[in-house]
Amino acid sequence: MREIVHDAGTRSGEFVQSLERGLSVIRAFGTDRARMTLSEVAREADLSRASARRFLHTLVELGYVVTDGRVFALRPQVLELGYAYLSSLSLPEVAQPHLEQLAEDVGESSSVAVLDGTDIVYVARVATHRIMSAAIQIGTRFPAVATSMGRAVLAHVPDGEREALLAAVTLAPLTPRTITDKGVLRAELATVREQGWALVDQELEEGLRSVAAPLRDGTGRVVAAVNVSAPVRRGPVEHMATEILPALLRAAREIEADLARTRT
């Protein structure tokens, strides 16, 4: 479906100005404007006091606003207005704005991938620069066992399913650093499961490091992983854990919170 967004200069004859003005009243509230008088709402929404009064009292009767007769505030019920949209979002749509913020915060590329058999598949990505010899785009696949996102997901796969996947995969030496011993890999996955994140240092491609965290849906099941990748020239490997990991874990929690809202 083609998305149609009208700005003030291209409004159609079907545009309902009263709805726009009513929504401006809701948008007038914010973290620093949680409670406002009628005059303050009118000023923030750029409405006359009479118009603001009518819209506010309509919202009160609908259950979206509460008032003590002088001060107005939004009620939790206003969240229903966005629920239909949130419930229709897919994982990439939910994750994308968080990836953009994460990439901006750390100055490195960030991605989300899901497990498909023994591979990971990229489903969302924000690239700040090219980090690999092969171009990464939506749909790109890599061996899960050699990637931080793959390990972040594999570490939380049920034991029997994980063993079946490991039995089906060949641990090819993609670089001199790639883990090629399944016993060593099992120990690494156990560490990842315990600490809650995975760090891969030049195992997929020389000169590239990445750190990843699992993403859980509203039921607590790990459904994907989010990562940050950086060239080794950015600094020692400890840089990934001390400088990038905190921002990555914060982004993962935010994505999970949005995923939970879309599935409840």
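**Figure 1. Q202 and the loop between β7 and β8.** Q202 sits in the loop that links β7 to β8 (208-216). In this predicted model, Q202 takes a positive phi of about 60° although it is not a glycine. Is Q202 buried or exposed? Its relative accessible area is 10%, and the cut-off for buried is under 20%, so Q202 is buried.

**Figure 2. D46, another non-glycine with a positive phi.** Here we are in the loop between α2 (38-45) and α3 (49-62), where D46 has its place. The phi of D46 is positive, at about 60°, and again the residue is not a glycine. D46 is exposed, with a relative accessible area of 69%.

**Figure 3. The whole chain, for orientation.** Before the next close-ups, here is the overall picture. The protein chain has nine helices and nine strands. Of its 264 residues, 43% are buried. If you take contacts between residues at least 6 apart in sequence, 55% of them join residues at least 24 apart.

**Figure 4. Strand β5 and its two partners.** β5 (residues 119-126) is mostly covered, with seven of its eight residues buried. One partner is β4 (residues 109-116), which runs antiparallel to β5 and is joined to it by seven bridges. As an example of the pairing, S111 has R125 in β5 as its bridge partner. β4 and β5 make a hairpin with two residues between them, and G117 in the turn has a positive phi of about 70°. The other partner shown is β6 (residues 141-143), also antiparallel to β5, with three bridges between the two. Over there, V121 stands opposite R141 in β6.

Figure 5. How many aromatic pairs does a search of the whole structure find? The search comes back with one. The rings belong to Y122 and F142; their centres are 6.0 Å apart and their planes are at 80°, so the pair is edge-to-face. Y122 lies in β5 and F142 in β6, so the pair ties together parts that are 20 residues apart in sequence. Y122 counts as buried at 5% relative accessibility, and F142 is buried too, with a relative accessible area of 12%.

**Figure 6. Helix α8 and its buried side.** α8 (residues 182-195) has 14 residues, which at 1.5 Å a residue should span 20 Å; the C-alpha atoms at its ends are 20 Å apart, so the two agree. Within α8, L185, L189 and V192 are buried. These residues cover an arc of only 60° around the axis, which puts them on the same side of α8. What do the buried residues of α8 pack against? They pack against α6 (148-154), α7 (159-168) and β7 (198-201).

**Figure 7. A172 on the way into α8.** A172 is found in the loop between α7 and α8. A172 is partly exposed, with a relative accessible area of 37%. Leave aside its neighbours within four places in sequence, and A172 is in contact with T178 and T180.

Terms used: Residues are numbered from 1 along each chain as its sequence is written. This is a predicted model: local features need pLDDT of at least 70, side-chain atom pairs count only at pLDDT 80 or more; totals for chains, interfaces and linings use all residues. Side-chain values use heavy atoms; hydrogens and water are left out. Helices (H or I, at least four residues) and strands (E, at least two) are DSSP runs, numbered from the N terminus. Buried means under 20% relative accessible area, exposed over 50%, partly exposed in between (1.4 Å probe, protein chains only). Contact means heavy atoms within 4.5 Å. Two strands pair if DSSP finds at least two bridges between them. Rings of Phe, Tyr and Trp (its six-membered ring) pair if their centres lie within 6.5 Å; planes under 30 degrees apart count as stacked, over 60 as edge-to-face and the rest as tilted. The expected span of a helix is 1.5 Å times one less than its number of residues. The arc is that of the directions from the helix axis to the C-beta atoms.
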